Amino acid sequence: MINPLNGEETTKKVNSMNYYAYRLMIRQNADNYLLRFRRLFQQHCVDLYVKIETERLTFIRLNQAKLRSEEYIHLRDAPDQIDDIICAKIPDHEADPDLHDVVITNMIHGLCGAINPQSPCMVDGKCSERYPRKFTAETVTGNDGYPLYRRRSPDDNGRTVTTKVKRMDFVVDNSWIVPYSPLISKTFKTHCKVEYCNSVKSTKYICKYVTKGSAIWRFLDCNPQIPTIKFHAIKLVVM
Ligand SMILES: [Zn+2]
């Protein structure tokens, strides 16, 4: 391999992910034949992903002594930091009116249940997304990998807002708020549900997305602007 900075031969190795990202990259004045193979290309990407993942797993298997050391302290600290990153509460309008508006507009679930049985989330008379959620005084890490986020009840100084459902006033409290990240919500100003993942189950859920054509682009860290992910999703499906 040649070092692009000084043109000299180097013994430095690149990992599979970097190599495949290099091969899949779209370049303005070059024709990349790989990208023309439609579904076969998608299959190829999935194979590449499996290879990348195998490489990672092998690294973990062969470096247990190193991986079991103090690096894990950061993971142990992680649950304490959930509240700094993810919340399920109505924000203070005085302190942050922008966030308050984004959350009120985009992050209230439903509304469903007895007040709106026609809501799409209702299955067999119950909310399939389990709203309204229970009030929780403090964040607790759950057994299924998803924590129970702190949701203060109105009795515990939790804020409320009044909204209209079928022209009737309905008081929304923290039990209806979909978990969000204040930073992400304020950046994108749209519905962005954020969950903290800390179990094999939830990690598996995320990895499942790699078999979807469009996600591979994000996964391999290719240039997300050329072309857009949406364009690729269409290109891969239409034969
Ligand atoms: Zn619902």
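Q: In which helix is R38 found?
A: R38 is found in helix α2. Helices here are DSSP runs of H or I with at least four residues, strands are runs of E with at least two, and numbering starts from the N terminus. This is a predicted model, where local features need pLDDT of at least 70, side-chain atom pairs count only at pLDDT 80 or more, and totals for chains, interfaces and linings use all residues. Residues are numbered from 1 along each chain as its sequence is written.

Q: Why does R38 count as partly exposed?
A: Count the other C-beta atoms, placed from the backbone, within 10 Å of a residue's own: 20 or more is buried, 12 or fewer is exposed, and in between is partly exposed. R38 has 14 such neighbours, so it counts as partly exposed.

Q: What is the phi of R38?
A: It's near 45°, a positive value in a residue other than glycine. Most residues other than glycine have a negative phi. R130 has a positive phi too, about 65°, and isn't a glycine either. R130 sits in the loop between β2 and β3, and with 10 C-beta neighbours inside 10 Å it counts as exposed.

Q: Why are α1 and α2 called roughly antiparallel?
A: Axes are lines fitted to C-alpha atoms, for helices over the stretch in contact, and angles run from 0 to 180 degrees between N-to-C directions. Under 35 degrees is roughly parallel, over 145 roughly antiparallel, 65 to 115 roughly perpendicular, and the rest oblique. The axes of α1 (residues 16–24) and α2 (residues 38–62) cross at roughly 155° and come within 9 Å. The pair is therefore roughly antiparallel.

Q: Which residues make the contact between α1 and α2?
A: S16, M17 and Y20 come from α1, and L48, K51, I52 and E55 from α2. Two residues are in contact if their C-beta atoms, placed from the backbone, lie within 7 Å.

Q: Which residues of α2 are buried?
A: They are C45, L48, Y49 and I52. Residues three or four places apart in an α-helix point the same way, because there are 3.6 residues a turn.

Q: What makes a group of residues a nonpolar core?
A: A core is a set of buried Ala, Val, Leu, Ile, Met, Phe, Trp, Tyr and Cys residues joined through C-beta atoms within 7 Å. The largest one here has 14 residues, and C87, V103 and I177 have the most contacts inside it. Helix α6 (residues 97–106) gives the largest share of this core, 3 residues. Apart from it lies another core, of 6 residues, among them Y20, C45, Y49 and I52.

Q: Why does N15 count as exposed?
A: N15 has 12 C-beta neighbours inside 10 Å, so it counts as exposed. It lies in the segment before α1. N15 and E55 are 40 residues apart along the chain, with their C-alpha atoms separated by 8.4 Å.

Q: Where are there cis peptide bonds?
A: One joins G110 and L111, with omega about -5°. Another joins Y131 and P132, also with omega about -5°. L111 is in the loop between α6 and β1 (122–123), while P132 is in the loop between β2 (126–127) and β3 (161–165).
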